[in-house]
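Here is a short briefing on a ligand site and on aromatic pairing. Please keep the structure open as you read.

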Amino acid sequence: MDSGIKFTVLSLFPDVINAYFSASIAAKALERGLIRYRSLNIRDFALDKHKTCDDAPYGGGAGMVLLAAPLARALEAAGVRKKNTGNHIPENSFCNENGRIKTVYLSPSGTPFDQNKAAEFARCKELVLICGRYEGIDKRIVDLYVDEEISIGDYVLSSGEIAALAVIDAVHRLIAGVITRESLDEESFTGGLLEYPQWTRPEIFDTMNVPEVLLSGHHERIRRSRLEWRVEKTMLNRPDLLDKGIKTGLFDKETVDIIKKMRETQKGVSYE
Ligand code: SAM
């Protein structure tokens, strides 16, 4: 079967990456040939007898910095070429051309990762992800090889593996066939809203009932209630998404009317 996307991860801790791909949806997607991956240990590309991968920063200061040379060798071994010399994608382009590789450095000082970026990455043939460690990597690697620096949030992790896996996880589930289309349709961020709350059996738990509408079997009422719940949840937790959706004309009239009514009345929706 044709593979949708290949993930190549450069890391000092490839076991962390390998463990992810050995379980759950990712393992199944691998088995079915929907995705491919390889992890490269940066240390394997250090040539000295101690396999040195880091050194002190020029100018002084705390911590260590990942050396440029082992990383450059690992990138070249992964098939990445220096910018403007071969398979490099022009800046700001989506990586939707066959055979093209997009190289990403995970960094807290990168641009924020979100669902739109995940969808953009899902169009790549191959994503090469560089996991930093210590104080980060030598800037010349970014200048020579990296297309995008990506942050998964405004906090600092000890190394890039968890960030790379967050990106991989968000991207791989968008690849055709990995999960069902319906699961993606009303997910959080789809259409600019968060997802509606969910309930499952039993009907009564700790004296709390499942909303009657969900038991009614009335598809139109269920659809309407879920839309109202999505709007309410977004209003409470992420009002910025509502503002953005209104500003960019993302919402249909029904959604805009619900937002207006809720804002005017300052009243939530019913969960009866
Ligand atoms: N000195 C860096 C700074 O202040 O920006 C932090 C380096 S951090 C301790 C080590 C590595 O973890 C980074 O090189 C990066 O690969 C990864 N990392 C940490 N936080 C991250 C985040 N929020 N998003 C993506 N990668 C992150």
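Strand E5 (101-112) and strand E7 (148-151) each supply at least two residues of the shell around the ligand. E5 gives the most, with four residues. The model is predicted.

**The shell around the ligand**
- The shell holds 20 residues, and Tyr105, Leu106, Gly132, Tyr155 and Leu157 come nearest to the ligand.
- By residue class, the shell divides into ten nonpolar, eight polar and two charged residues.
- The ligand takes up the space of the second largest pocket.

- At Leu106, a backbone N or O atom lies 2.6 Å from an oxygen atom of the ligand.
- At Tyr155, a backbone N or O atom lies 2.8 Å from a nitrogen atom of the ligand.
- At Gly153, a backbone N or O atom lies 3.1 Å from a nitrogen atom of the ligand.
- Taken alone, the ligand exposes 580 Å², and the protein buries 84% of that.
- Leu106 and Tyr155 are also among the residues that come nearest to the ligand.

**Aromatic pairs**
- How many aromatic pairs does the structure hold? There are five.
- One of them joins Phe7 and Phe21, and this pair is tilted.
- The Phe7 and Phe21 rings are 6.4 Å apart centre to centre, with 40° between the planes.
- The pair links distant parts of the chain, 14 residues apart.
- Phe7 belongs to strand E1 (residues 5-11), and Phe21 to helix H1 (residues 14-21).

Conventions:
Residues numbered from 1 in each chain as written. Predicted model: local features only at pLDDT ≥ 70, side-chain atom pairs only at ≥ 80, totals over all residues. Heavy atoms only, no water. Near = heavy atom within 4 Å. Polar contact = N/O pair within 3.5 Å; in protein donor to acceptor, adjacent residues only side chain to side chain. Areas by Shrake-Rupley, 256 points an atom, 1.4 Å probe, with all protein chains shown as cover. 1 Å grid on protein atoms, 1.4 Å probe; cavity = no way out; pocket = protein on both sides within 12 Å on 5 of 7 lines; lining within 4 Å. Sits in = over half its atoms within 2 Å of the grid points. Nonpolar A, V, L, I, M, F, W, Y, C, P; charged D, E, K, R; others polar. Phe/Tyr/Trp six-rings, centres within 6.5 Å; stacked < 30°, edge-to-face > 60°.
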